[in-house]
Amino acid sequence: VFSFGKKKGATVGLDINSDSTSLVLLEKNKSGIEVMRFACQPTPPNCVREGLVTDPITMGTLLAELLRDAQIPMGGQAPTINLCVPAQGVVIRLMPVPVGMPPEELADVVTQEATNHVPFPISEANLDWCQMNATERTDPDGVRRVDVILAAIQHSIVESYWRMTDVAGVKLGRVEVSSLSVIRGLALAGYLGSSGHLSLVVNIRQDATDINIVRSAMPLFGRSIILGVEALTESVARSLDISFDQAMELLPEIPVFNITPVDARMGQAGQVARTIFSDIGDEILRSLEFYKSQVGEVKIDQIILTG
């Protein structure tokens, strides 16, 4: 999580993709978490590419409209916006470090690791890291180690969101990563099992699919593939010779598995959908085989499909 500034005023979540942009205000009460405010509008064309904002001015105007639609109070302290960026826009690394390393020394080690693995200059990146204490162990060499998760994002990406929130007259709060956000949500809801439970989390998004292997609530492996709802919609539109918007409206009705299509046209759309899902399935298998090649044979306790 990349955190900017102090929380003041209302804190709202913003979900952005190339199809739609949604805003939500949640409140925790005795019965759980309640949705207090919600607004959603279509994303203007050419403002979002591969999940990232490319036109912050237009998106800032849209954000201001969503705040008005949701009746988020703008008086006094400005609202704070928390949002997600796609996992493929962020470099995420797991690194083992000796237990008890002083914070200053840990910062130096993490920065050096980022220098070695991040494909852009560290001077142009925001870095964040977190020590995952539950991974503490004794390695074969007798040294106690713990894993640190490192995330790096380019300044230029964060700058787009700064400009967007500035146009809307609000503050940028937390910039979360799509894959880590899903893992956090599943963990808080109790879906990731007890200690040692190994889950394969598949998050199908608008522009891509995040594949993560998680032990309890700790991400062990992750990758993103550029196959998602958008690719599915485009394939259906091409196959049926209809517009992208028409194909998007058709998606909920497409028979995929064990459902008899109502006509040949829907049967054709179902075949296209099965092909896309099969491609995603192949990538999941490749990811699992790669992970096994790194750590040895493992047993996946459950597969969780989200998105």
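What percentage of the 307 residues of the protein chain count as buried? In this predicted model, 45% of the residues do, buried meaning under 20% relative accessible area with a 1.4 Å probe and protein chains only.

**View 1. The whole protein chain.** Seven helices and 15 strands make up the secondary structure, taken as DSSP runs numbered from the N terminus (helices H or I of at least four residues, strands E of at least two). The C-alpha trace spans about 65 × 55 × 45 Å along its principal axes. Local features need pLDDT of at least 70 and side-chain atom pairs count only at pLDDT 80 or more, whereas totals for chains, interfaces and linings use all residues. Residues are numbered from 1 along each chain as its sequence is written, and side-chain values use heavy atoms, with hydrogens and water left out.

**View 2. The four-stranded open sheet.** The strands follow the order β14-β13-β12-β15 with mixed pairing, two strands being paired if DSSP finds at least two bridges between them. Because β14 (218–225) and β15 (302–306) each have a single partner strand, they stand at the edges and one side of each is left without a neighbour in the sheet.

**View 3. The pairing of β12 with β15.** Strand β12 (residues 198–204) and β15 run parallel and are joined by five bridges; L200 has I303 of β15 as its bridge partner.

**View 4. Helix α7 on the sheet.** Helix α7 (residues 264–295) lies across β12, β13 (209–215) and β14, and runs at about 140° to β14. Contact means heavy atoms within 4.5 Å, and axes are lines fitted to C-alpha atoms, for helices over the stretch in contact, with angles from 0 to 180 degrees between N-to-C directions.

Terms used:
Buried < 20%, exposed > 50% of the residue type's maximum accessible area, 1.4 Å probe, protein only.
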